[in-house]
Amino acid sequence: MLRYVTTNPGKVREAERYLPDGSVERLDFDYAEVQADELGPIAARGAREAYRHADAPVLVDDAGLFVEGLDGFPGPYSSYVEETLGIERVHDIAADLDDRRAAFRCVLGYCDGEGFAASPDPVDRGDRDAAAAAGPDEEGEGGGSDGDAGAADPLPVKLFEGYVPGRIVAPRGDGGFGYDPIFEHDGETFAEMDTDRKNAVSHRGRALEKFAEWYADR
Ligand code: ITT
């Protein structure tokens with residue numbers, strides 16, 4: 001059984017469409033979200049922490065809204081900004097911009113205590129630079145170290161990324177969750193789409209599609 005690690009039931013509703021019935025359950029575990037300007041390291045750290053907590057295969061899902069005219073803000077801070085400012089105020093700020101283009105990004109981090117081949121999707125072996133330098137070599141089973149002495153965490157995490165472009169608009173629609181009402185893609189906000197339609201184009205749908213294909217062979 002795969003544990004989808006999130007406090008957000010909306011994410012699991014979307015993920016269930018990609019995985020066989022009964023093969024995934026939500027693990028409501030709030031892993032520490034480290035401060036970082038990229039989603040990958042946050043997902044990787046979270047996957048390790050969640051794996052150690054659950055002692056079973058886990059998938060964590062870190063997502064964010066990146067507004068072009070705000071240099072990518074709120075990005076990795078999207079959760080904090082939703083809780084503090086709220087999505088209407090994010091819209092108000094974006095409404096003053098010439099450039100209202102934005103994108104959602106999602107990074108899924110999978111960890112089951114074993115090693116993975118790095119290609120075609122990235123593997124975080126505890127030190128991203130070392131992982132990049134190591135290239136697409138096969139990782140030894142059992143979570144072997146990348147040879148980097150020191151702080152690197154040897155538990156490998158496989159990462160799957162998804163992206164969708166759009167723009168910030170005044171809130172419309174009552175489906176979805178989070179920033180969906182103010183994110184328009186192809187003339188409709190994500191909150192105006194049902195789950196299948198959102199999945200067909202969304203950041204999470206793209207990442208889940210890659211994950212599901214890879215996981216089916218695992
Ligand atoms: P977990 O960390 O427990 O999974 P979360 O909702 O805080 O739950 P994220 O940190 O990944 O998840 O999400 C960052 C913010 O982006 C948060 O405010 C979400 O509501 C929002 N978000 C993530 N995916 C979204 C989506 O598909 N549509 C709209 N908003 C989304």
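This report describes a predicted model of one protein, from its overall make-up to single residues.

## The model and its confidence

The model is predicted, so local features need pLDDT of at least 70 and side-chain atom pairs count only at pLDDT 80 or more, while totals for chains, interfaces and linings use all residues. Residues are numbered from 1 along each chain as its sequence is written, and side-chain values use heavy atoms, with hydrogens and water left out.

The mean pLDDT (the predictor's confidence in each residue, from 0 to 100) is 89 for the protein, and 87% of its residues reach 70 or more. Over residues 129–150 the pLDDT is below 50, and this stretch has 33 contacts in the model beyond near neighbours in sequence, where contact means heavy atoms within 4.5 Å.

## Overall make-up

Among the contacts with a separation of 6 or more, 66% come from residues 24 or more positions apart.

## Helix 1 and Glu14

Helix 1 covers residues 9–16, and its buried residues are Gly10, Lys11, Val12, Glu14 and Ala15. These buried residues pack against strand 1 (2–5), strand 2 (24–27), strand 3, helix 6 (195–201) and helix 7.

Not counting residues up to four places away in sequence, Glu14 touches Phe177, Thr195, Lys198, Asn199, Arg204 and Leu208.

His91 is placed in helix 4 (residues 87–95), and it counts as buried because its relative accessibility is 13%. Although His91 and Val169 are 78 residues apart in sequence, they are 6.6 Å apart in space, C-alpha to C-alpha. Leaving aside neighbours within four places in sequence, His91 is in contact with Ile168, Val169, Ala170, Pro171 and Ile182.

Glu184 lies in strand 7 (residues 183–185) and, at 11% relative accessibility, also counts as buried. The side chain of Glu184 makes a polar contact with the side chain of Arg172 (3.1 Å). Apart from neighbours within four places in sequence, Glu184 is in contact with Gly166, Arg167, Val169, Arg172 and Thr189.

## Backbone details in two loops

The loop between helix 2 (39–54) and strand 3 holds Asp55, which has a positive phi of about 55 degrees although it is not a glycine. Asp55 counts as exposed because its relative accessibility is 63%.

In the loop between strand 3 and helix 3 lies Asp71, whose phi is near 55 degrees, a positive value in a residue other than glycine. Asp71 is exposed, with a relative accessible area of 76%. Pro74 has its place in the loop between strand 3 and helix 3, and the peptide bond from Phe73 to Pro74 is cis, with omega near 0 degrees.

## The largest pocket

Rolling a probe the size of a water molecule over the atoms shows where empty space is left. On a 1 Å grid over the protein atoms alone, a pocket is an open set of points where a 1.4 Å probe fits, with protein on both sides within 12 Å along at least five of seven lines, and lining residues have an atom within 4 Å of a point. Grid points are joined across faces, edges and corners, and a volume is the space filled by probe spheres set on the points.

The largest pocket holds about 750 Å³ of space. It is lined by 34 residues, of which Glu33, Asp62, Ala63, Ser78 and Ser79 lie nearest its centre. Strand 3 (58–67), helix 3 (78–84) and helix 7 (203–216) are the elements that give two or more residues to this lining.

Conventions:
Helix = DSSP H or I, 4+ residues; strand = E, 2+ residues; numbered from the N terminus. Buried < 20%, exposed > 50% of the residue type's maximum accessible area, 1.4 Å probe, protein only. Polar contact = N/O pair within 3.5 Å; in protein donor to acceptor, adjacent residues only side chain to side chain.
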